[in-house]
There are 2 protein chains.
Amino acid sequence: MTTAYEQFLIDNSERHLEEVCTALRFPSVSALPAHRADMRATAEWVAGKLRDIGVPEVELLDGGGHPLVFGRWIVDDEKPVAMVYGHYDVQPPDPLDLWVTGPFEPTVRDGFLYARGAADNKGNVVAVIQAVEALVRTSADGNPPINLSFFFEGEEEIGSPTVPTLVRKYHDRMACDVVISADGVMYGVDDPSLTLSTKGMLKGEIHVRTAASDLHSGLYGASTPNAVQVMAKMLATLHTAEGAVAVEGFYDSARQISEVEKIETAKVPLVEATFLSDIGATALWGEPGYTVLERLWLRPTIDLNGSWGGFQGSGSKTVTPCEAHAKFTCRLVAGQDPAEILWLIRAHVAKQSPAWATFTVTGGEGSCKAFEIDRNHPTLITAADVITEMYRKEPLRIRLGGTLPIAEVFHDELGADMVFFSWEQSDNNLHAPNESVRLTDLEIARRAWATLLTRLANEPLK
Amino acid sequence: MTTAYEQFLIDNSERHLEEVCTALRFPSVSALPAHRADMRATAEWVAGKLRDIGVPEVELLDGGGHPLVFGRWIVDDEKPVAMVYGHYDVQPPDPLDLWVTGPFEPTVRDGFLYARGAADNKGNVVAVIQAVEALVRTSADGNPPINLSFFFEGEEEIGSPTVPTLVRKYHDRMACDVVISADGVMYGVDDPSLTLSTKGMLKGEIHVRTAASDLHSGLYGASTPNAVQVMAKMLATLHTAEGAVAVEGFYDSARQISEVEKIETAKVPLVEATFLSDIGATALWGEPGYTVLERLWLRPTIDLNGSWGGFQGSGSKTVTPCEAHAKFTCRLVAGQDPAEILWLIRAHVAKQSPAWATFTVTGGEGSCKAFEIDRNHPTLITAADVITEMYRKEPLRIRLGGTLPIAEVFHDELGADMVFFSWEQSDNNLHAPNESVRLTDLEIARRAWATLLTRLANEPLK
């Protein structure tokens, strides 16, 4: 039987899609200062959407960065509160030339909506707002079934620098019993999932200098240090040939994988050949002794994100470079402290550095520890029930190789765990050119959120 | 006793300096398309100078690039010909803000004339023309003492792309017995020198691809290849920790350093501490078992000129890069064939590459072999005599770590060796801001050239 809110969602699906497109047309790139005004405009549009559906308290909170859209709809002071989390900012769209259609010109092709932020995360955020709209428009009293608050930040893609301060500052207003996140992943179109943990993060850079300026290679190359060469040697020491991290002590504090986790993870289907062909790679690489998913979800990494030094233009320049640089991020697991890992990497670089090269390791800002939720958390169980009914199969228990620093902040500041309830699929080109979202996933997301919020009215939130 | 031509040079020194300044006011930057008209104006000015002093055949040769100024003054068909080589183009002057006075506003300060091209090479080119002027104005018949041709190109600073074609095309007209170059270096103000060799050059790039596109490190970093990581591993295999090239076979065809060369090179003064402090480095690096000068002049290198891959912007981007790149140049010595060295590097990269990374090595364009002149070459011996008399000391026998591809072209096409006879000093800021030439070096250059050409009338040229 179709419920009233489901019928509302069906009747409004065209308008709802157009709303998603409107959200996606904002170039809300938080990393680029040029988009500062676009960020505010996007926040105001999101706030307007909340007001449109009837949220009584909506405000933009300013922590000195991009505005946080915060809303509250308390229908019964005696009852618990569920806070919906999401973000309206997106990754930079470059390289632009690889997009089939413009990153901020949402376009439907073959059942997918293409645009930067289509899945991560504006598409999912707007879907939640539309789900709440369906609930209140079809309710007897015009209220949602439970107390809700809305927390849509504009800094997720840059590590949420000002958000923790805002959470501390507005601690009372943000008090809640659980956070349900519209940002997160669904394991597969036919493999619904719930997420039990996210990895921690350490960001850093390695710099080296070998001389006061770039030198003419014909005059100096044969006899003086070369920064690009010594940086390559250094980066090569960070991993073994097989792919394990070779920094002494790196794995020591990482919590070992339990038997339950091994079994849970082994249930998750992964066809390695498909995994590889999806990304155009020909072999796996990484820490030996673990399965692909164990590595992605439960083992820490050092990832080199970029490196550069010397001449990069067209043609050639016979220069002996005097400096070189590399960017890295570590994905951490439970037990690991980002500050301690940075210390270990500094010690490694110092030990490996020849005396004639000046290496420095910077970083540590925007770090966070891994986040885990109890597999028996009440809201998680309710979410599992909703998904089981919709998909007619039990959701897989998965984990995120990615990081959501805010989960740790909510846990520490508000005492609220985060339940992920989001429809971002692995083939959605998240953070890459031609990001997309399935139109069917947007529909499922709207319906699932409406059902979950309805169900939570009669279940414990924590 | 002052000769007639020496007296002429003394009497005309003010006018000659003004002529050098006129040449330096042309912004003859061959690399920048915006200076195309300036290049032609400079060539016409140089051609005009040759006509002024009486050169009967002067023409601008067009190979599709910047014009080549070519002149011929054959006084006796039966006698050998010496061709004077030089170039009227200069390096770009940037960074402009580091110049004390404008790069194209020649200014005298403390015995130095400052301007782009003051030493490299317009100052030296004009000095030769003035030396010939002195000879013909003070000769009985108004002719130079020997058959001369003049070859002043406008593409030296961009690798002379159209010059080899012109040499092949005008092979007959350019026939000569020796080339004497107004471009080259003098080891020190009090350490006159003659140059016995220049190094060969191989230019190349290494590229690697590990996936179809950059990937989200949280989704893939722990389990898939990382292009920046594997490129670092690859670049690290090119050299041993001590600084020798580790490519199998790389040194095999390099001619070994002879005892004479070892002795000759050991005579050249080099204070390692000064060498290092000049460039702001703290230690030497390179192939073990050789002195600094042996490495710079007589041992081949692979120099990494630049590398890049992944994210380089400010902040961080949690990407697993799918491609990475590096540029290298090899400085080669006698015996080494650039094509064979490229083949060895390709073989090395193929051998070191893991199966899951697609490495390609491109390059080979603009390569050239090393150039050497016999230490007993007759013109070289005469040049040594002239320098010995002027400085009252025997010139050092030095070599260039740099490359002059044109020397190889003249050798192959015209059968003529190149003798370097130039006053560019290591403290002249060649290719850098505040390029200069000593006024005394310009005077010595004029007198030395007039003496050399006079002396060659009675000596074998080859």
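What follows is a short exchange on chain A of a predicted model.

Student: How many helices and strands are there in chain A?
Tutor: Both element types occur in chain A. The count gives 14 helices and 18 strands.

Student: Why is chain A as compact as a globular protein of that length?
Tutor: Start from the rule. For 462 residues the globule rule gives 23 Å. Chain A comes close to that, so it is as compact as a globular protein of that length, with a radius of gyration of 24 Å.

Student: What does the C-alpha trace of chain A span along its principal axes?
Tutor: The spans are taken along the principal axes of the C-alpha trace. They are about 85 × 50 × 45 Å.

Student: Which share of the contacts in chain A with a separation of 6 or more comes from residues 24 or more positions apart?
Tutor: Burial first: 55% of the 462 residues are buried. Now the contacts with a separation of 6 or more. Residues 24 or more positions apart account for 79%.

Student: Are H3(A) and H4(A) roughly parallel or roughly antiparallel?
Tutor: Helix H3 of chain A covers residues 36-53, and helix H4 of chain A covers residues 122-137. Their axes come within 9 Å and cross at roughly 10°. Angles under 35 degrees count as roughly parallel. Therefore H3(A) and H4(A) are roughly parallel.

Student: Which residues in H4(A) meet H3(A)?
Tutor: The crossing of the two helices, H3(A) and H4(A), is left-handed. The residues of their contact divide into five nonpolar, no polar and two charged. H3(A) brings Lys49(A), Leu50(A) and Ile53(A). In H4(A) they meet Ile129(A), Val132(A), Glu133(A) and Val136(A).

Methods
Residues numbered from 1 in each chain as written. Chains lettered and ligands numbered in written order. Predicted model: local features only at pLDDT ≥ 70, side-chain atom pairs only at ≥ 80, totals over all residues. Helix = DSSP H or I, 4+ residues; strand = E, 2+ residues; numbered from the N terminus. Rg over C-alpha atoms; globule rule 2.2 N^0.38 Å. Buried ≥ 20, exposed ≤ 12 C-beta atoms within 10 Å, placed from the backbone. Contact = placed C-beta atoms within 7 Å. Axes fitted to C-alpha atoms, helices over the stretch in contact; angles between N-to-C directions. Parallel < 35°, antiparallel > 145°, perpendicular 65-115°, else oblique. Left-handed = near helix turned anticlockwise from the far one by under 90°. Nonpolar A, V, L, I, M, F, W, Y, C, P; charged D, E, K, R; others polar.
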